[in-house]
Each structure stands twice: as structure tokens, then as C-alpha cells.
Amino acid sequence: MLFQIEPPQPSAASLAFTLITSRQSILPRRLADPGPTSEQIEEMFQAAAAAPDHGEIRPWRFVLVPPDRRADLGSAFAQALAERDPSATPTQLAQARDKALRAPFVALVIARLGKSEPDIDELERMVSLGAAVQNVLLMAHSFGLGAGLTSGLAMRSIAVRQLFDLQDGEHAICCLNVGTALHRKPARLRPAVDSFVSSL
Ligand SMILES: Cc1cc2nc3c(=O)[nH]c(=O)nc-3n(C[C@H](O)[C@H](O)[C@H](O)COP(=O)(O)O)c2cc1C
């Protein structure tokens with residue numbers, strides 16, 4: 001009797017290891033259409049919701065910036081530059097504005113560090129935020145998309161706080177940019193495990 005031998009299936013561990021270790025940041029100027037589909041966006045944020053969260057206070061949130069609001073984000077970036085450097089030239093202001101327009105998908109990552117019940121230390125909350133962001137980045141990578149984070153001084157500006165209606169204790173941390181990678185750098189060398197893991 002004829003039968004077909006199935007190729008060995010990669011284990012969940014080897015899939016996870018390959019996915020995690022092959023992820024790399026892609027700068028927004030190297031991200032093009034198509035961006036993530038609405039189903040992919042939903043799954044990226046379901047992945048965020050799977051982050052460890054001490055006290056279940058969800059110390060982070062995301063705000064999507066759809067295409068018709070990118071100009072507002074660009075204006076906030078330009079205002080942020082003008083806030084800290086009143087002598088910024090029109091070219092510099094245009095460059096700041098342009099940063100909002102590059103990636104097909106942009107969301108602001110916000111840390112929620114205000115009062116909470118239970119009261120969880122801010123550092124622990126930032127660990128949760130980092131895990132949520134990493135889950136999103138990995139999910140985007142698993143879809144074959146490119147993704148990267150962008151921050152800068154604009155995150156602390158009044159203009160960005162106002163645009164996103166940030167409340168007391170909330171902080172804009174970075175933008176999450178997702179799209180199709182036009183170019184990927186060679187894989188970055190990663191630190192050796194013994195350089196950051198020791199034993200008592
Ligand atoms: C909170 C946060 C903000 C970041 N902001 C920027 C940024 O403004 N510009 C940038 O080029 N990369 C930014 N990055 C991405 C890092 O530069 C990137 O992760 C690093 O270069 C390592 O690259 P890899 O992710 O491919 O390993 C940011 C990363 C984090 C965690």
C-alpha cells in the first residue's frame with residue numbers, strides 16, 4: 001500500500017524561537033503599503049492583551065492614527081518642535097510633520113502610570129507595557145509585515161498630550177509603525193547570553 005510520509009512539523013518551541021529571534025525593527029521610511037488588514041490589527045492587539053499584567057490594571061493603551069488624522073499628528077510633531085525650538089526652520093518643521101505620514105499603520109503607545117487599584121509600581125507597569133508592545137511587534141512579524149517603534153522629544157510635548165487627550169498619569173511612550181518592509185537590514189548581532197545572565 002502506498003502512503004505519504006509527512007515532513008516533520010516544527011515544534012511550537014522552534015517556531016517561537018525562529019519568530020522571536022528573526023524579528024527586527026523596520027524604520028517607518030522603509031514601510032510601505034499594504035499595511036495590516038483589520039483582522040491582523042485585531043489579532044495584534046489581542047496579542048497585546050496577553051501581556052503579563054500585575055494586578056490586572058492594564059497599565060497601557062494604544063490609540064490608532066487613521067490616515068485621515070495623520071495630518072493632525074504631523075501638526076502635533078511640528079508644534080512639538082516649535083515648542084522646544086522656536087527657531088526651527090520651515091524645512092525642519094516640514095520634516096517633523098512628515099514623520100507622521102510614513103508608515104501605513106501608526107498607533108500611539110501610552111503608559112498609564114496614574115492611580116490604580118491595586119497600586120502597582122511604575123517600573124512593573126512599564127514591564128507590562130514593553131511586553132504588550134513586543135507581542136504586537138511579534139504578531140506583525142508573524143504576518144510577514146515590518147514594524148518599528150519611534151519616539152523622540154515630541155512624545156513629551158503639550159501638542160501630543162492635547163491631540164491624544166492624555167489624562168493625569170498618562171505618558172506617550174512611542175509610536176508603533178507597521179507596514180510592508182521595503183528593505184531589511186542584515187540581522188543584528190545579539191548579545192551573548194552570558195553577557196546578561198549570571199547566577200548567584
Ligand atoms: C520605546 C522605544 C522607542 C524607540 N524609538 C525609536 C526611534 O525613535 N527611532 C528609532 O530608529 N528606533 C527606535 N526604537 C527602536 C530601537 O532603536 C530598535 O529596537 C533597536 O535599534 C534594535 O533594533 P531591533 O529591534 O531590530 O533589534 C525604539 C525602541 C523602543 C523600545
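**Close-up views of a predicted model**

**View 1. The buried side of helix α3.** In this predicted model, the buried residues of α3 are Leu73, Ala76, Phe77, Ala78, Ala80 and Leu81. An α-helix has 3.6 residues a turn, so residues three or four places apart point the same way. That is a handy thought to keep in mind while you look along the list of buried positions in α3, which includes Leu73, Ala76 and Ala80. Among the elements that cover these buried residues are α4 (90-98) and α6 (158-163). Helix α3 itself takes in residues 70-84, 15 residues in total. From its first C-alpha to its last, α3 reaches 21 Å, close to the 21 Å expected at 1.5 Å a residue.

**View 2. The shell around the ligand.** Which residues surround the ligand? They are Gln24, Ser25, Leu27, Gly148, Leu149, Thr150, Ser151, Gly152, Ile173, Cys174 and Arg188. Of the elements, β4 gives the most, with three residues. Sorted by class, the shell around the ligand holds four nonpolar, six polar and one charged residues.

**View 3. Where helix α2 meets helix α5.** Here you can follow helix α2 (residues 38-49) as it passes helix α5 (residues 122-142). The two axes come within 7 Å and cross at roughly 145°, and the crossing is right-handed. On the α2 side, the contact is made by Glu43, Met44, Phe45, Ala47 and Ala48. Their partners on α5 are Ala132, Asn135, Val136, Met139 and Ala140. What kinds of residue make up the contact of α2 with α5? By class there are eight nonpolar, one polar and one charged residues.

**View 4. Stepping back to the whole protein.** The protein has six helices and five strands. Reading from the N terminus, these elements run α-β-α-β-α-α-β-α-β-α-β. The C-alpha trace spans about 80 × 40 × 35 Å along its principal axes. How much of the protein is buried? Of its 200 residues, 24% count as buried, and the α3 residues of the opening view, Phe77 and Leu81 among them, belong to that buried set. As for contacts between residues at least 6 apart in sequence, 83% join residues at least 24 apart.

Technical notes. Residues are numbered from 1 along each chain as its sequence is written. This is a predicted model: local features need pLDDT of at least 70, side-chain atom pairs count only at pLDDT 80 or more; totals for chains, interfaces and linings use all residues. A residue is near a molecule or strand if its C-beta atom, placed from the backbone, lies within 6 Å of it. Helices (H or I, at least four residues) and strands (E, at least two) are DSSP runs, numbered from the N terminus. Ala, Val, Leu, Ile, Met, Phe, Trp, Tyr, Cys and Pro count as nonpolar, Asp, Glu, Lys and Arg as charged, and the others, Gly among them, as polar. The expected span of a helix is 1.5 Å times one less than its number of residues. A residue is buried if 20 or more other C-beta atoms lie within 10 Å of its own, exposed if 12 or fewer, and partly exposed in between; C-beta atoms are placed from the backbone. Two residues are in contact if their C-beta atoms, placed from the backbone, lie within 7 Å. Axes are lines fitted to C-alpha atoms, for helices over the stretch in contact, and angles run from 0 to 180 degrees between N-to-C directions. A crossing is left-handed if the near helix is turned anticlockwise from the far one by less than a right angle, and right-handed if clockwise.
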